[in-house]
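Hi everyone, thanks for making time today. I'd like to walk you through one model, starting with its charged pairs and then moving on to its rings. Please have a look at it before I go on.

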Amino acid sequence: MTALIGRHPRRDLFGLRIDAMTLDAVVELADVAIRTRRRLLVGVVNAAKIVHLRSDPLLRSSLLECDVLLADGQSVVWASRLLGEPLPERVAGIDLFEQLLARADRDRRSVYLLGATPSVLDAVETAVDTRWPGARVVGSRDGYFDASQSGEVAASIAASGADMLFIAMPSPKKEIFLGTYGATLGVPVMHGVGGSFDVIGGLTRRAPARWQRWGLEWLYRVLQEPGRLWRRYLTTNTAFMALLLRERVRRTTPYVPTSTTAKEGTAHE
């Protein structure tokens, strides 16, 4: 399956090439990928990923393999403007997830859900049936399988004929799975949705729209789980600010993919 890359500008930020796309444009590109059965591997970055990719080669490689790379965090959009490489808007992974489900609902497209616990997965399937009844869930699997079962899971996805695969598995398990089996899955649109299953399934709440516009979605999460999250966000937010100041003085040399497999057969729309 050849990959699909849209004709749109990209911005060089923190060593990455981030696509300057709106949410609507990404949804339309996904529609083209499904109709032409070409691969569209979607990646998203926020402040934490930009900090961690500098010391995590697996995370860095997984981002470089994506066909489109989007700004999931409002802080990345603000940084793009300060650095003279403006992105049009934030494209949050969960917003894209919901819009793709809406498109699946409208066009009777098929989806495969992969990841989370069995109970969360059940809650997500129920939510999809209720909110997007036209979307056809042709397969699902929780994320609690070991390496010896990965081939069986990949075969199940390939056999489903799904138009879209939504993956809610943690790193590096998600990257290892896609790196090993991505080329065999035959699914046009693949999107890593992180913790979105918990929100869609109703287990956690998303920040109100006003907090999202102010770039304070991270603070809303901290207030829900202060004991677990305050130190993480303090550390990564401080490191991101330091990186931004550094980028203002000296830009990071663009990272280069270490694998050629994902770029083989790349086609432009």
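Glutamate 28 is partly exposed, with a relative accessible area of 42%; by the cut-offs here, buried means under 20% relative accessible area, exposed over 50%, and partly exposed in between, using a 1.4 Å probe and protein chains only. Before going further, a word on the source: this is a predicted model, in which local features need pLDDT of at least 70, side-chain atom pairs count only at pLDDT 80 or more, and totals for chains, interfaces and linings use all residues. Residues are numbered from 1 along each chain as its sequence is written, and side-chain values use heavy atoms, with hydrogens and water left out.

So which residue does glutamate 28 form a salt bridge with? The partner is arginine 103, and the closest N and O atoms are 2.8 Å apart. A salt bridge here is a side-chain nitrogen of Lys or Arg within 4 Å of a carboxyl oxygen of Asp or Glu. Glutamate 28 lies in helix α1 and arginine 103 in helix α5, so this pair ties together parts that are 75 residues apart in sequence. Helices (H or I, at least four residues) and strands (E, at least two) are DSSP runs, numbered from the N terminus.

In total, the structure holds 15 salt bridges. Another one of them is between aspartate 19 and arginine 10, again with 2.8 Å between the closest N and O atoms. Aspartate 19 is buried at 3%, while arginine 10 is partly exposed at 26%.

Let's stay with helix α1 for a moment. Buried residues in α1 include Leu23, Val26, Val27 and Asp31.

What follows α1? Arginine 37 does, with a positive phi near 55°. Its side chain meets that of aspartate 163 in a salt bridge, at 2.7 Å from N to O. That pair links distant parts of the chain, 126 residues apart: arginine 37 is in the loop between α1 and β4, and aspartate 163 in the loop between α7 and β8. Arginine 37 is partly exposed at 35%, whereas aspartate 163 is buried at 11%.

Now for the rings. The structure holds seven aromatic pairs. Rings of Phe, Tyr and Trp (its six-membered ring) pair if their centres lie within 6.5 Å; planes under 30 degrees apart count as stacked, over 60 as edge-to-face and the rest as tilted. Phenylalanine 97 and phenylalanine 166 make a tilted pair, 4.6 Å centre to centre with 50° between the planes. Phenylalanine 97 sits in helix α5 and phenylalanine 166 in strand β8, 69 residues apart. Phenylalanine 97 is buried at 0%, and phenylalanine 166 is buried at 0% too. Ring pairs link Phe97, Phe166 and Phe197 into a cluster.

Finally, phenylalanine 177 and tyrosine 181 both lie in helix α8, four residues apart, about one turn of the helix. Phenylalanine 177 is buried at 3%, and tyrosine 181 is partly exposed at 22%.
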